[in-house]
Structures are given as C-alpha cells and as structure tokens.
Amino acid sequence: MSVQSEMLPSMPYPTTYPAVAADQHAADLAGRPCPRLTGPNELARRLAELDEQYIRAQFVELDELSASRDGGTQAVRKLMADGRLPQPAYRLDDGTDMVAGDFFAPLDAAGGVEALPEWFRSRYMSAARRLGLPDGPAEADEQWTEYLSGGYGVCLKRATPESIAEKALYITTIERLLVNPQPGDTSWADELRTTVDALAAIERPGALLDPPRWGGPMSPQWYGAYLRAYFPQAFTSPTGVAS
C-alpha cells in the first residue's frame, strides 16, 4: 500500500508526478482499472514526453536565440565552452540545447562578456548586503561559478545576481527555522509560510525528470511541496484554505 494510506492518513502527501504519467487504461488480471501496472517503458515514455513538453514551454533553443548575436551561434557556443557564459539549462534527446528566453539579459546589462564577471559579482554583493546576507567576495565567486554551470537557469525564473541572492536568503532562513521546528508557534509558522511562498515566487516549477537528473529532490519539492506536507498547519488559513 502507499505511504499515504498506510502511514499518513491525515497528511497530504507531496505528489511530484501527475496521474497522467501512468496508463489509465491499464487493467489487472481481474479486468479492473489499475494504472499502477503501467509497464516501465511506457511509464518512461510518458514521463519523458511530459518532461519535454515542460522544457519546450519554459525554454527556447540555444541556436535559435543566439543566431542573431555577434558571431552567431558558433561564437556563443565557444564562449560557453570557455566558461564565459552559462551552460545550457537542458539538452533534449535530439541534442538540442535549451536556455531561458532572457539568457542574454545579464550579458547585455553588463555591456559585454569581458565585463560580465565583475558585473555579476558586484550586483550579487550589493544584493547580499541589502538582504542582510553575510556573503563576501569568496561567496560571490562561488555564486559566479554556480551561475556558469547553468543550474540557476534551471531553477530560477530570472537567473540574475539579485534572484540568486534572494534564493540564498530564503533557503538560509528556512534551514534556520528547521533547526528547531515550532509549527504550533504562530510567529514560526508565519515566517516559514512567508519564506516558502517567497522562494516559490522566484523559482520555476521544474521539469518532471529533474530529480533523477540532479540525483535528489529539487528545491520546489524539498522547500515547497514537502514542507507544506510536513507542516500543513503553517500553510492553512483560519478558514482552512491552504496558501
């Protein structure tokens, strides 16, 4: 039996895969509907199809976006290969690299690839100070490296230094709250709910197959769906409506 029905009857289980991923026409040996008996290859095909639909809806093809840039696609790919621009967010089965539609916004704001590293570090440090983060030059360098990896293009709606600093603040705050959970305390519950909602507001929902890509739960799951399930009272208003 599922964990939900066996162990957690009163707690909403954090669903991460939609029901349509399973074959709704599958039947057991008695002829009863049983999506649970979907074959592994069919399930993988359905998940992959939903995964690609999300990626194509949220991102654009790198070659298409970079065609009009100076030097065209070849020059852009060379900059990415040399570690001067972020790596793609996703790669499809046919080899198509996908990036956010505003992929070049930081580069244009910085005024060119030569100025991009310092522009990024300066903006990150300024945002960190404004948000009360203790981050210094070493942390700014680490975030620049993470930015170049392309990971922030996967998880943030806008992969800017400011959004990256915001995410750092929200995750630090959530981790602090989880050191000593007090779901019965109104102040604790309000801060958790406000922070989780703020993080969700700057993050993308994520592709279905992101967890196996990254080797574990993604931020929207771990800091979103799971926390909402573990501490439901923190996310439910007095009228019983979930936030």
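Visitor: Why does Cys155 count as buried?

Guide: Cys155 has a relative accessibility of 12%, and buried means under 20% relative accessible area, with exposed over 50% and partly exposed in between (1.4 Å probe, protein chains only), so Cys155 counts as buried. Cys34, at 10%, counts as buried by the same rule. This is a predicted model, in which local features need pLDDT of at least 70 and side-chain atom pairs count only at pLDDT 80 or more, while totals for chains, interfaces and linings use all residues. Residues are numbered from 1 along each chain as its sequence is written, and side-chain values use heavy atoms, with hydrogens and water left out.

Visitor: How many disulfides are there by this rule?

Guide: A disulfide is a pair of cysteine sulfur atoms within 2.5 Å, and by that rule the count comes to zero.

Visitor: What makes strand S1 and strand S2 stand at the edges?

Guide: Helices (H or I, at least four residues) and strands (E, at least two) are DSSP runs, numbered from the N terminus, and two strands pair if DSSP finds at least two bridges between them. The open sheet has three strands in the order S1-S3-S2, with antiparallel pairing. S1 (60-61) and S2 (90-91) each have a single partner strand, so one side of each is left without a neighbour in the sheet. Between S1 and S3 (residues 97-99) there are two antiparallel bridges, which meets the requirement of at least two, and Val60 has Val99 in S3 as its bridge partner.

Visitor: What puts the buried residues of H4 on the same side?

Guide: In H4, the buried residues are Gly72, Thr73, Val76, Leu79 and Met80. They cover an arc of only 125 degrees around the axis (the arc of the directions from the helix axis to the C-beta atoms), which puts them on the same side of H4. Gln74 and Ala81, on the other side of H4, are exposed, and the cover over the buried residues includes helix H3 (62-66), where contact means heavy atoms within 4.5 Å. Just after H4, Gly83 takes a positive phi of about 75 degrees.

Visitor: Which residues touch the most other members of the largest nonpolar core?

Guide: A nonpolar core is a set of buried Ala, Val, Leu, Ile, Met, Phe, Trp, Tyr and Cys residues joined through side-chain atoms within 4.5 Å. The largest one holds 45 residues, and Leu85, Tyr124, Tyr147 and Leu192 touch the most other members. Each of several helices supplies at least two residues of this core, among them H4, helix H6 (116-131) and helix H9 (161-179). Apart from this core lies another, of 10 residues, including Ala89, Met98, Ala100 and Val154.

Visitor: Which residues is Tyr124 in contact with?

Guide: Leaving aside neighbours within four places in sequence, the contacts of Tyr124 include Leu133, Asp135, Ala140, Gln143 and Pro161.

Visitor: What lies 2.8 Å from a polar atom of the side chain of Thr194?

Guide: That is the backbone oxygen of Asp190, and a polar contact is a pair of N or O atoms within 3.5 Å; within protein, one must be able to donate a hydrogen and the other to accept it, and residues adjacent in sequence count only if both atoms are side-chain atoms. Thr194 has its place in helix H10 (residues 186-202).
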